[in-house]
Amino acid sequence: MRWKGVIEEYKEYLPVTNKTPFVTFYEGNTPLIESRHVSRLTNCKVYLKYEGANPTGSFKDRGMCLAIAKAVEKGRQAVICASTGNTSASAAAYAVRAGIDCIVIIPKGKIALGKLSQAIMHGAKVFEVDGNFDEALNLVREMGEKYPVEIVNSINPFRIEGQKTGAFEVCNQLGAVPDFHAIPVGNAGNITAYWKGYNEYKAAGKINSLPKMIGFQAEGAAPIVLGHLVKNPETVATAIRIGNPASWKQAEAAARDSGGSISIVTDQEILDAYKVIAAKEGIFCEPASAASVAGTLKLHKAGKIPEGSTIVCVLTGHGLKDPDTAIKQGTKPALVPCKITEIVKRLGY
Ligand SMILES: *Cc1c(COP(=O)(O)O)cnc(C)c1O
């Protein structure tokens, strides 16, 4: 049967009324792929939930379809978001689909090229402000209070509602509940959403157990792990360059109540995992996504993940989002004369 998109597929679990429009690009239903390499390294069963396969290239689409639909239901003509990139790319596309305007506030110079290109091409009103993400979000909150524009950052509860459907899919695709659910943590909306999803699926009698939620922040942007705000968050993983997570308390609760944790991975660990996932699995994710795999490897090494465990790592966004980092990390193609002899010589044939 044809996949109908997040709102229609999961409407019995979502705050959908008969007035909610089905705004969709048929998001969700993303592949759950066994990672042979990471499974071998850890003696575990490791699966990658490839959210980069969503229509705009990140998991943000799961929640954005519902947030935009509810904004339309409310009669809004415009939505606004602060964004490190993927939220704006998703909001801009879904706003077009719904026929409303999209305003995007981005922190100066801190947005991956692919994401910015999406917001621009979808005709969003994009403003680059000379502040970091957290300051941009404060501005957006003020706009939402004073003007009839709907905020579609993850402080919008419908974002979390839509995103929780990822947990339903993991259980359905796996035919089981994973022992561990590994996930990058930025604003902490997604770890909150997955934990909510698992709990609701259990309450509905669809599953009998819950995974341990293991979240990972980048070393230079780890407010939850450190227990205090980070004024100038820095990491190569721009999607999680957040110093004051909007869902801080909920993320802590998810880690605590599930028996999991939120811990730190370094930029080097993130980049190593980023390269391994691309080179050994054939899956291109963006740096922030690789934090889930980097963290899994780190916890396994520290003896905190028993052998034989089933682990789902969410790969939150597509690698094409951030071509600059990819090109910087990879080896440049060799420039050679256009002669077969020159190629075979270098191949060692
Ligand atoms: C938004 C985003 C994150 C962080 O998710 P939060 O809900 O903010 O914790 C991680 N990776 C990618 C690719 C993202 O777009």
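Helix H4 is followed by glycine 99, whose phi is positive, near 75°; helices (H or I, at least four residues) and strands (E, at least two) are DSSP runs, numbered from the N terminus. The model is predicted, so local features require pLDDT of at least 70 and side-chain atom pairs count only at pLDDT 80 or more, whereas totals for chains, interfaces and linings use all residues. Residues are numbered from 1 along each chain as its sequence is written, and side-chain values use heavy atoms, with hydrogens and water left out.

H4 comprises 13 residues (residues 86–98), which should span 18 Å at 1.5 Å a residue, the expected span being 1.5 Å times one less than the number of residues. The end C-alpha atoms of H4 are 18 Å apart, in agreement with that value. Because 10 of its 13 residues are buried, H4 is largely enclosed by the rest of the structure; buried means under 20% relative accessible area, exposed over 50%, and partly exposed in between (1.4 Å probe, protein chains only). The buried residues of H4 are Asn86, Thr87, Ser88, Ala89, Ser90, Ala91, Ala92, Ala93, Tyr94 and Ala95. They pack against helices H3 (60–73), H5 (113–121) and H7 (157–163), and against strands E3 (78–82) and E4 (101–107), where contact means heavy atoms within 4.5 Å.

Helix H9 (residues 189–203) contains threonine 192. With a relative accessibility of 13%, threonine 192 counts as buried. Its contacts, leaving aside neighbours within four places in sequence, are Ile160, Ser247, Gln250 and Ala251.

H9 packs with helix H11 (residues 248–258), their axes coming within 8 Å and crossing at roughly 45°. Axes are lines fitted to C-alpha atoms, for helices over the stretch in contact, and angles run from 0 to 180 degrees between N-to-C directions. H9 and H11 are therefore oblique to each other; angles under 35 degrees count as roughly parallel, over 145 as roughly antiparallel, 65 to 115 as roughly perpendicular and the rest as oblique. H9 passes H11 in a left-handed crossing, a crossing being left-handed if the near helix is turned anticlockwise from the far one by less than a right angle, and right-handed if clockwise. Ile191, Thr192 and Trp195 of H9 make this contact with Gln250, Ala251, Ala253, Ala254, Asp257 and Ser258 of H11. By class, the contact of H9 with H11 has five nonpolar, three polar and one charged residues. Ala, Val, Leu, Ile, Met, Phe, Trp, Tyr, Cys and Pro count as nonpolar, Asp, Glu, Lys and Arg as charged, and the others, Gly among them, as polar.

H9 also packs with helix H8 (residues 165–174), at an angle of about 55° and with the axes 7 Å apart. This angle makes H8 oblique to H9. H8 passes H9 in a right-handed crossing. On the H8 side, Gly166, Ala167, Phe168, Val170, Cys171 and Asn172 meet Tyr194, Gly197, Tyr198 and Tyr201 of H9. The residues of the contact of H8 with H9 divide into seven nonpolar, three polar and no charged.

Helices H12 (residues 267–281) and H13 (residues 287–301) pack at an angle of about 100°, with their axes 7 Å apart. H12 and H13 are therefore roughly perpendicular to each other. Glu269, Ile270, Ala273, Tyr274 and Ile277 of H12 form the contact with Pro287, Ala290, Ala291, Val293, Ala294 and Lys298 of H13. The contact of H12 with H13 has nine nonpolar, no polar and two charged residues.
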